[in-house]
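Please keep the sequence and the 3D view open while reading.

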Amino acid sequence: MTQNNRPTELAAEQHALLHKTLGRFDIVFLMIAAVVGLETLGQVSLYGAEAFTWALVLAVFFLVPYGLIFAETGAAFSEEGGAYTWVRDAFGRPAAAVAAILTWITQPVWVGGSMAFLAAETISSYITPLEHGSFADYVFKIVFIWITVLAAIVSLRKGKWLPTSGALLKISLLVFFVFTTAIYAAKNGVVGISPGDFSPSLLGLFGSVPILLFAYLGFESSNSAAGEMENPARDVPISIFRSCATAAACYLLPIFAILLVVPTEDITGIGGLLDAVGTVYSVYGGAADALLKLTAIVFVYILMSQGAAWMIISDRMQAMTAADGSFFGGFFGRFHPGLGTPVRVNLLSGVVSTTFMLVAMQVTGSGASVFGVVLTISISTFLLSYLLVIPAAIRLRTLYPDRVRPFRVPVSDRTFAVLGWSAFAWVLLGSWVAVFPGTLERLFGEDYPFKDIWGVSQTTFEVFTLGTLGCLMALCAVGYVRGARVRNVKIEESTHV
């Protein structure tokens, strides 16, 4: 490690405050809670039967190489901060600061702008009416956001149980849904789907790939809390493999089930899964309505646990970014001495999430439109971060050849690079389509009615998206400049924790 990239004194001090509380069980379910997103099932199912085809293609040609390269990297480079430290060691602090802020900002934007909207829509549709823009609507969304923040503030020993319980409920709900769909199909048949409907198309590729990448990415993010793992070298690779396999099943089977019972023209991005649930629960007769209400409550709890999982993970990475002198002057780089959590960044995430929710409420009068637009902004920032993180993982293998690798992908460095660059190519495609939807479709002569698809004009979409990215890069630049004082106080390599 070069002198410029050595950890700072402040970062070393924070390592001493971390509590070793994450075992293999905790890591697996933390990742399932964070990465397996029920909110994406309806959105990707909008593209009909070929959405299943693309989900399967990406599971094989993206998820496998991605999982392999980060299983090796995560086990070998297990410092608190995860992806930030990888990019720093590979390309230096400025690049790492950009990767970190793109990853971190995704979560409060996503929780405040997508998850809170989906939760409110679920309550309004299945429990009690919540008029969009009403006082009750605002209160519900604010409470939803700050519960996820509170779960990240309390000690990890306690806070981890919200994501863990949510992950267990998530798997149980999806298993019960698939089981019920089988009963429904046996009694009532299925909607008309022919083998030809599964044929891939360019429209399906450009439309579904960003969402599917967003669904499949993030399994290496547990390394943001690597300093709080009992044995990251042993547990990270196994946890990544298990959670990747679980995720593939949790996407492929429900997507197929949704397509079997809900006509494509009736699927909505914001209510896709519960629309299908409402259909198949008819097999339970008089108990169907009560079951549907219970499922809606469980669904909201799962969304909350998912937001909490990402707050726990991403806030730790951003706190270590600050402690390492790459995000303001160290104020946000401190962990609470008793709780062992980055309380200041947790509160910052809550403020950002709430602010983005308030701004998003002004973009359009439709909750569904806000959900789709803000989900895409979250996808954009998240995918763009991997344009730095994946090359960093590739470079670290050759840059540190003597580094002990508890798990090593049994291939040459060149083949390892091929795996990495193939994953990078998918992310590059997804990033472009997420930021500039419709451009590739029109390039290939396909019709793309922007407002019909997104519910807002292309100008509004691009102003919102590019404006968010521009503000983010400005914040990153200011934060990096303000972190100079912290960066200049480094520990000797021999004392690195």
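## Leu-169 and the basis of the model

Leu-169 is partly exposed, with a relative accessible area of 33%. Here buried means under 20% relative accessible area, exposed means over 50%, and partly exposed is in between (1.4 Å probe, protein chains only). Leu-169 sits in helix α9. Helices (H or I, at least four residues) and strands (E, at least two) are DSSP runs, numbered from the N terminus. Leu-169 touches Val-298, Tyr-301 and Ile-302, leaving out residues up to four places away in sequence. Contact means heavy atoms within 4.5 Å. Arg-405 is 236 residues from Leu-169 in sequence and 35 Å from Leu-169 in space, C-alpha to C-alpha.

The model is predicted: local features need pLDDT of at least 70, side-chain atom pairs count only at pLDDT 80 or more, and totals for chains, interfaces and linings use all residues. Residues are numbered from 1 along each chain as its sequence is written, and side-chain values use heavy atoms, with hydrogens and water left out.

## How α9 packs on α11

Helix α9 packs against helix α11 (residues 232–261) at an angle of about 35°, and their axes are 10 Å apart. Axes are lines fitted to C-alpha atoms, for helices over the stretch in contact, and angles run from 0 to 180 degrees between N-to-C directions. The crossing of α9 and α11 is left-handed. A crossing is left-handed if the near helix is turned anticlockwise from the far one by less than a right angle, and right-handed if clockwise.

From α9, the contact uses Ile-171, Leu-174, Phe-177, Val-178, Thr-181 and Tyr-184. From α11, Thr-246, Cys-250, Leu-253, Pro-254, Ala-257, Ile-258 and Val-261 take part. The contact of α9 with α11 has 11 nonpolar residues, two polar and no charged. For these classes, Ala, Val, Leu, Ile, Met, Phe, Trp, Tyr, Cys and Pro count as nonpolar, Asp, Glu, Lys and Arg as charged, and the others, Gly among them, as polar.

## The α13–α14 crossing

Helix α13 (residues 288–323) and helix α14 (residues 343–360) pack at about 115°, with axes 9 Å apart. Their crossing is right-handed. Met-311, Asp-315, Gln-318 and Ala-319 of α13 meet Val-345, Asn-346, Ser-349 and Ser-353 of α14. By class, three residues of this contact are nonpolar, four are polar and one is charged.

Leu-348 also belongs to α14. Its C-alpha is 9.1 Å from that of Asp-315, which is 33 residues away along the chain. Leu-348 touches Trp-104, Phe-327 and Phe-332, not counting residues up to four places away in sequence.

## Helix α7 and its partners

Helix α7 (residues 135–153) has 19 residues. From first C-alpha to last it reaches 27 Å, close to the 27 Å expected at 1.5 Å a residue. The expected span is 1.5 Å times one less than the number of residues. Buried residues of α7 include Asp-137, Lys-141, Phe-144 and Ile-145. The buried residues of α7 pack against α6 (93–126), α8 (156–159), α9 (161–188), α13 and α14.

Ala-152 is buried at 1% relative accessible area. Leaving aside neighbours within four places in sequence, Ala-152 contacts Met-311, Ile-312, Arg-316, Thr-341 and Asn-346. Of these, Met-311 and Asn-346 also take part where α13 meets α14.

## Two buried serines

Which helix holds Ser-378? Ser-378 is in α15 (residues 367–399). Ser-378 is buried, with a relative accessible area of 0%. Apart from neighbours within four places in sequence, Ser-378 is in contact with Thr-106, Val-109, Trp-110 and Phe-214.

Ser-326 lies in the loop between α13 and α14. Its relative accessibility is 1%, so Ser-326 counts as buried. The side chain of Ser-326 makes a polar contact with the side chain of Tyr-84 (2.8 Å). A polar contact is a pair of N or O atoms within 3.5 Å; within protein, one must be able to donate a hydrogen and the other to accept it, and residues adjacent in sequence count only if both atoms are side-chain atoms. Residues that Ser-326 touches, not counting those up to four places away in sequence, include Arg-93, Ala-97, Tyr-480 and Arg-487.

## A buried glycine

Gly-82 is in the loop between α4 (49–76) and α5 (83–91). Gly-82 is buried, with a relative accessible area of 0%. Gly-82 touches Asn-223 and Ser-224, not counting residues up to four places away in sequence.
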